[in-house]
Amino acid sequence: MQLIIGSHVSFNKDKQMLLSVTEALSYKANTFMFYTGAPQNTKRVELDDKLIEEAKMLMISNNIDINDVVVHAPYIINPANSKNRDFNISFLKQEVSRVGKLGVTKLVLHPGSHVGLGVDVGINNIVDVLKNSIDDNTNVDICLETMAGKGSEIGRSFEEIKSIIDKVGSNHIKVCLDTCHINDAGYDLSDFDKILEEFDSIIGLDKLAVVHINDSKNCLGSHKDRHENIGLGYIGFNKLMQVIYHEKLKDVPKILETPYVGEDTKYPPYLFEIEMIRNKKFNDNLIRDIIDYYKK
Ligand code: FE
Ligand code: FE
Ligand code: ZN
């Protein structure tokens with residue numbers, strides 16, 4: 001089985017998606033995820049057609065299918081809060097069109113936090129923003145991410161995600177399942193088959209477009225959302241492998257968003273995490289190997 005695996009990578013003003021592909025290849029990945037600007041702001045550079053073409057050529061020559069590539073919307077956007085409604089809509093609309101211009105089809109979005117307005121009001125706000133942002137003339141799907149339930153986050157259960165999808169009523173709304181987030185939300189990954197059955201009966205497996213593979217620094221149901229390197233957290237290597245190699249998810253891209261390691265956390269873990277996943281064997285020396293590799 002051809003595993004579709006990659007990680008979060010960079011994107012910058014000068015090289016744009018070409019930089020993202022190059023970085024992904026340095027991790028021996030066959031997909032990747034990036035923000036089209038800083039994740040914590042909504043400033044976005046103009047996309048360069050020539051760079052898009054070059055990035056696409058590089059993907060083709062390395063067997064990366066652009067349909068497996070993911071863009072993550074900036075996390076400061078909070079669609080659940082009506083306070084910045086008009087800005088949220090205009091930004092998200094623009095982001096959908098930028099993603100479409102890049103040729104990418106998957107845009108991951110955090111549903112947001114209701115900030116005291118209550119879950120029902122929060123969900124209605126999200127639905128309003130989504131209805132006004134999706135574009136049936138593009139191939140871009142907005143993938144709502146399952147959240148840890150930190151603070152007043154919405155999307156901490158499959159039911160909440162389902163309710164948003166139903167109310168929007170568009171085929172362009174899909175789902176991104178994050179293993180750290182569902183662990184922290186209280187879904188016990190010791191029985192992943194059961195989680196998938198539940199996902200299938202509530203939302204439908206056909207809606208599952210992206211899986212974020214992260215270990216968690218916190219225990220089941222902690223509602224914290226702090227990612228840990230693969231095999232070093234509370235979920236552990238074996239349970240994550242059940243997710244990564246699950247037959248029903250074989251066509252779904254898997255994206256690592258695990259933390260950088262070493263002094264000043266400056267070394268990316270992805271080359272070694274991907275290698276360990278492909279070898280199907282936990283590397284006891286993971287952090288040491290990463291530091292040794294990048295230090296020289
Ligand atoms: Fe996310
Ligand atoms: Fe995630
Ligand atoms: Zn997270």
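I165 is buried, with a relative accessible area of 7%. This residue belongs to helix 5, which covers residues 158-168. The structure is a predicted model.

**Around I165**
- Not counting residues up to four places away in sequence, I165 touches L144, S170, I173, V175, I203 and K207.

**Zinc site**
- The zinc ion (ligand 3) has three protein donors: H181 through NE2, D225 through OD and H227 through NE2. They lie 2.0 to 2.3 Å from the zinc ion.
- Along the chain, the donors of this zinc ion follow the spacing H-x43-D-x1-H.
- H181 counts as buried, at 2% relative accessibility.
- H227 is also buried, with a relative accessible area of 18%; the cut-off for buried is under 20%.
- Between the zinc ion (ligand 3) and the iron ion (ligand 1) the distance is 5.2 Å.

**Iron site**
- H72 (NE2), H110 (NE2) and E145 (OE) coordinate the iron ion (ligand 1) at 2.1 to 2.3 Å.
- The spacing of these donor residues in sequence is H-x37-H-x34-E.
- E145 bridges two iron ions, ligand 1 and ligand 2, which lie 3.3 Å apart.
- H110 sits in the loop between strand 4 (106-109) and helix 4 (119-133), while E145 is in strand 5 (residues 141-145), so the pair ties together parts that are 35 residues apart in sequence.
- Both H110 and E145 are buried.

**Strand 4 and its neighbours**
- In a regular strand, side chains alternate between the two faces of the sheet.
- In strand 4, K106 and V108 point one way and L107 and L109 the other way, and all are buried.
- Strand 3 (residues 70-72) pairs with strand 4 in the parallel sense over 3 bridges. The bridge partner of V70 in strand 4 is K106.
- From strand 3 the chain crosses through helix 3 to strand 4, and this β-α-β crossover is right-handed.
- Strand 4 also runs parallel to strand 5, joined to it by 4 bridges. Here L107 stands opposite I142.
- The chain crosses from strand 4 through helix 4 to strand 5 in another β-α-β crossover, which is right-handed.
- T105 lies in the loop between helix 3 (85-102) and strand 4. The relative accessible area of T105 is 15%, and the residue is buried.
- Leaving out residues up to four places away in sequence, T105 touches N67, N139, V140 and D141.

- In helix 8 (residues 237-244), the buried residues are F237, L240, M241, V243 and I244.
- Seen down the axis of helix 8, these buried residues fall within an arc of 155 degrees, so they line one face of the helix.
- The exposed residues N238 and Q242 are on the face of helix 8 turned away from its buried side.
- The cover over the buried residues of helix 8 includes helix 6, helix 7 (192-202), strand 7 (208-213), strand 8 (215-216), strand 10 (254-256) and helix 9 (270-279).
- Helix 10 (residues 286-295) has L286, I290 and I291 as its buried residues.
- Seen down the axis of helix 10, its buried residues fall within an arc of 125 degrees, so they line one face of that helix.
- What covers the buried residues of helix 10 includes helix 9.

**Nonpolar cores**
- In soluble globular proteins, nonpolar side chains tend to be buried together.
- The largest nonpolar core here has 85 residues, and M17, F32 and L130 have the most contacts inside it.
- Leaving aside its neighbours within four places in sequence, M17 is in contact with F11, F32, F34, I52, A55, M59, I66, L102 and V104.
- A second, separate core has 8 residues, among them M33, V108, A209 and V210.

Note on methods:
Residues numbered from 1 in each chain as written. Chains lettered and ligands numbered in written order. Predicted model: local features only at pLDDT ≥ 70, side-chain atom pairs only at ≥ 80, totals over all residues. Heavy atoms only, no water. Donors = N, O, S within 2.8 Å, 3.2 Å for Na, K, Ca; no water. Buried < 20%, exposed > 50% of the residue type's maximum accessible area, 1.4 Å probe, protein only. Helix = DSSP H or I, 4+ residues; strand = E, 2+ residues; numbered from the N terminus. Core = buried A, V, L, I, M, F, W, Y, C linked by side-chain atoms within 4.5 Å. Contact = heavy atoms within 4.5 Å. Pairing = 2+ DSSP bridges. Right-handed = clockwise from strand over helix to strand, strands pointing away. Arc of directions from axis to C-beta.
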